Amino acid sequence: MSSKVARPITLHVNGSDHVVTVPPDTALLNVLRNDLRLNGPKFGCGLGQCGACTVLVDGLEARACTIPVRIAENRTVVTLEGLAVAGRPGLVQQAFIDHQAAQCGYCLNGMIMAVTALLRRNPHPSEAEAREALRYNLCRCGTHVEILAAVADLTGARSPEAGR
């Protein structure tokens, strides 16, 4: 079967099953945004380099702009919207809000998803580990200090910059 021919594909996104009929090589990001109407993941570069489209696939960070939807078939996908708990922001989201760790908000999805993946791997990362986990997410607004303060609060460590 050609990868250009649309076929039903089952996705498990944010705790719900969805069947979409699209060509298997369609970018997961396009399906999430256009078919499932999830606006957390953003289209940034389209090359997997900026991090704006980051989602979790089976718990691991993935760049949704470069993943064909067929790769996510029958896997667990979590988007920014899936981090909410009972309609309220999840812990990482709330920490970002509390520390005003956003300006334009375009990178926010990727930053929050990267921090979520980091904390699932390592609940108590050092500041150096947090910086390493975020280094592949581009932010032009310069909210890095606030983002690191949010991570420090989540891990129980206080960043030296947290008081700024």
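Predicted model: local features only at pLDDT ≥ 70, side-chain atom pairs only at ≥ 80, totals over all residues.
Some ground rules come with it: local features need pLDDT of at least 70, side-chain atom pairs count only at pLDDT 80 or more, and totals for chains, interfaces and linings use all residues. Residues are numbered from 1 along each chain as its sequence is written, and side-chain values use heavy atoms, with hydrogens and water left out.

Let's start with the sheet. Five strands make an open, mixed sheet, ordered β2-β1-β5-β3-β4. Strands here are DSSP E runs of at least two residues, helices are H or I runs of at least four, and both are numbered from the N terminus; two strands pair if DSSP finds at least two bridges between them. β2 (16-22) and β4 (60-63) each have a single partner strand, so one side of each lacks a neighbour in the sheet. On average, neighbouring strands are turned by 40° against each other, direction ignored.

Now one pairing up close. β3 (residues 54-57) and β5 (residues 76-78) run antiparallel and are joined by two bridges; Val 57 has Val 77 as its bridge partner in β5.

On to the helices. α1 (residues 28-35) lies across β1 (7-13), β2 and β3, at about 105° to β2, while α4 (residues 108-121) lies across β3, β4 and β5, at about 35° to β3. Those angles run from 0 to 180 degrees between N-to-C directions, with axes fitted to C-alpha atoms, for helices over the stretch in contact, and contact means heavy atoms within 4.5 Å.

Is Ile 9 buried or exposed? Ile 9 is buried, at 0% relative accessible area (buried is under 20%, exposed over 50%, partly exposed in between, with a 1.4 Å probe and protein chains only). Beyond its neighbours within four places in sequence, Ile 9 has contacts including His 18, Val 20, Val 69 and Glu 73.
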